[in-house]
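Here is a short report on one protein. Keep the sequence and the model in view while reading.

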Amino acid sequence: MTNVALVARKLAVLEEHLRRLRERRPTDVTTFTADPLLQDAIAMSVLVVVQEAMDIALHIAADEGWEIAATYRDAFAVLERHGVITAPLAKLLGGSAQLRNRIAHGYASLDAARLWTELPEGVASFGAFAATVSSFLQRLP
């Protein structure tokens, strides 16, 4: 059975970093692209949000005795197959694994303008993930 306290702690961290992302994103891309420290702060919060979401997905799957995902992308697909999140949400979140790797490992430089543009949709998607997982936790015995 899912360790509710552990997942709830991870959700709290995820939601705190979503709040930081909403507050830190400037209203215009020029301000963002001109400020490397702000780019770093936002990239770090994105990394934390994505990592916490992947950890949550992996913990739930393991605790429930479901199949173990072979990749971070697949972690969200496992939750979708078991009715925790929708297929469109699993697809959106699955793509975030690649962004997480680029930030964490420096595989390629980040496109600051693209990050600024896509941030609102990403925040909304991870907010939906948090709400859906919270609902799942409430349904557990």
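## Basis of the model

This is a predicted model: local features need pLDDT of at least 70, side-chain atom pairs count only at pLDDT 80 or more, and totals for chains, interfaces and linings use all residues. Residues are numbered from 1 along each chain as its sequence is written, and side-chain values use heavy atoms, leaving out hydrogens and water.

## Overall fold

The protein has seven helices and zero strands. Its pattern along the sequence is α-α-α-α-α-α-α. Helices (H or I, at least four residues) and strands (E, at least two) are DSSP runs, numbered from the N terminus.

The radius of gyration is 15 Å, close to the 14 Å that the globule rule gives for 141 residues, so the protein is as compact as a globular protein of that length. The radius is taken over C-alpha atoms, and the rule is 2.2 Å times the number of residues to the power 0.38. The C-alpha trace spans about 50 × 25 × 25 Å along its principal axes.

## Helix packing around α3

The axes of α1 and α3 come within 9 Å and cross at roughly 155 degrees. Axes are lines fitted to C-alpha atoms, for helices over the stretch in contact, and angles run from 0 to 180 degrees between N-to-C directions. α1 and α3 are therefore roughly antiparallel. Angles under 35 degrees count as roughly parallel, over 145 as roughly antiparallel, 65 to 115 as roughly perpendicular and the rest as oblique. The contact of α1 with α3 has 16 nonpolar, three polar and five charged residues. Ala, Val, Leu, Ile, Met, Phe, Trp, Tyr, Cys and Pro count as nonpolar, Asp, Glu, Lys and Arg as charged, and the others, Gly among them, as polar.

α3 also packs with α4 (residues 72–81), at about 55 degrees and with axes 9 Å apart. That makes α3 oblique to α4. With α7, the angle is about 30 degrees and the axes of α3 and α7 are 11 Å apart. α3 and α7 are therefore roughly parallel.

## The largest pocket

The largest pocket is lined by 24 residues. Gly95, Ser96, Leu99, Glu118 and Gly122 lie nearest its centre. Elements giving two or more residues to the lining are α1 (4–24), α3 (36–64), α5 (87–94), α6 (96–105) and α7 (112–139). A pocket is an open set of points on a 1 Å grid over the protein atoms alone, where a 1.4 Å probe fits, with protein on both sides within 12 Å along at least five of seven lines; lining residues have an atom within 4 Å of a point.

α7 gives the largest share of the lining, nine residues. By class, the lining divides into 13 nonpolar, five polar and six charged residues.
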